[in-house]
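Reader: Hey, I'm new to this one. Can you walk me through a few spots?

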Amino acid sequence: MAKFDILEDLKWRGAINQETDEEGSRKYLAEHDDLALYCGTDPTGDSLHIGHLIPFMILKRFQMAGYHPVILIGGGTGSIGDPSGRKTERVLQTAEQVKHNEEKLTTQMKKLFGTENFEIKNNAEWLGKLNLIDFLRDYGKFFQVNNMINKDVVASRLENGISFTEFSYQILQAIDFYHLNKDNGVQLQIGGSDQWGNITAGIDLIHKLEGQERPAFGLTIPLMLKADGTKFGKSAGGAVWLDPEKTSPYEFYQFWINQDDRDVVKYLKYFTFLSREEIEDLAEKTEKEPWKRAAQKRLAEEVTKFVHGEEGLKEAQMITEALFSGNVKSLSVPQIEQALKNAPSAEATHEAKNIVEFLVETKIEPSKRQAREDVKNGAIYVNGERQNDIDFIIEPDNDFDGKYVIIRKGKRKYTLVKIK
């Protein structure tokens, strides 16, 4: 049986931007089954967002193909700050912040990668032991300042200025690759396109210290842009986080299901583990029956299940169906809070009130005349049930633990009335 060609698969998915030695890495993969590879993330926050997820999806593909992924949490480099993709200096974090973020990111990574054939390293383990003299003698002498200045990430910052702290970041990342290559047998580093300079610095250091024949390769992923030219990974409410406390599974699911037809096939290639045949079939359906949104639904299902598990997916689908059908009474209070987090809101008291007065006082309707008209015409739903009686009394304590009344006007216009 032919060996699965992981690099060819990544090319088809459009997931390779640059390779340091394509011929060498192909030869190594053909001759060895023990490839180990890594991708790093600095603990600058307590959750990854979907923009961060892109290189880790590549790492996951290697894991599924039988190779050994290593996640590097930058407890050391995170205390310094990567200048990549920034115009100004980072604000340095406290040791407590870094530690908290490390723990949260470690939990997220374990959820994505499981426990089999996978490990997490923290570069504080070796960078924290370096003293200044050793740093300069053992590593600094291998880095030419003129080469460091010419790296894109530094060159773009020279006009406004860059501190020695951030300038030295590329040396620390190079030490990471050298350490993982020498002590953990890691031959390949993966990163975003902005990490090219840092990756090549690591390979150069490995070859200088261990010899030119030492296997060490780098691969970067293209910058992902949406069809309209804007950067991928943001929604109307900001970043889409992997942490369910920051972005609920429902919001996460909705982000993917609302993707543009022009982008959906690209995202299926990047963010799902569906086969080439399945993706090509969904591409054809998007072209022939775009209104069915089959590709978007499958994309939302696959990515939500990967990040939030089967339970998270089921909850997201249940909330979606409840809002679509209007059967909101089936939802729990936490699910209501997920579902209508970004919906218009109003406040009311616990007092039982006539429906017309309630609608006007909460400003859902501009006047009593309009309220009466919409109620009579069957356009108003209270907690999922149509009410066309203008004498109907809304009793806020009857549903949702007395915390909310949900008013729907027309087909989809929801207002979440918070009971105070």
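Author: Ile149 counts as partly exposed because its relative accessibility is 31%; buried means under 20% relative accessible area, exposed over 50%, and partly exposed in between (1.4 Å probe, protein chains only). This is a predicted model, where local features need pLDDT of at least 70, side-chain atom pairs count only at pLDDT 80 or more, and totals for chains, interfaces and linings use all residues. Residues are numbered from 1 along each chain as its sequence is written, and side-chain values use heavy atoms, with hydrogens and water left out.

Reader: Ok, and where is Ile149 found?

Author: In helix α7, residues 145-150. Helices (H or I, at least four residues) and strands (E, at least two) are DSSP runs, numbered from the N terminus.

Reader: Switching topic: is helix α12 covered or exposed?

Author: Mostly covered: nine of its nine residues, 249-257, are buried. Among them are Tyr250, Phe252 and Trp256.

Reader: What about strand β15, how many of its residues are buried?

Author: Five of the seven in β15, which spans residues 413-419.

Reader: Which strands pair with β15?

Author: Strand β9 (residues 345-348) runs parallel to β15 and is joined to it by four bridges, while β14 (residues 404-409) pairs with β15 in the antiparallel sense over six bridges. Two strands pair if DSSP finds at least two bridges between them.

Reader: Which residue in β15 is the bridge partner of Ala346?

Author: Val417 is the partner of Ala346.
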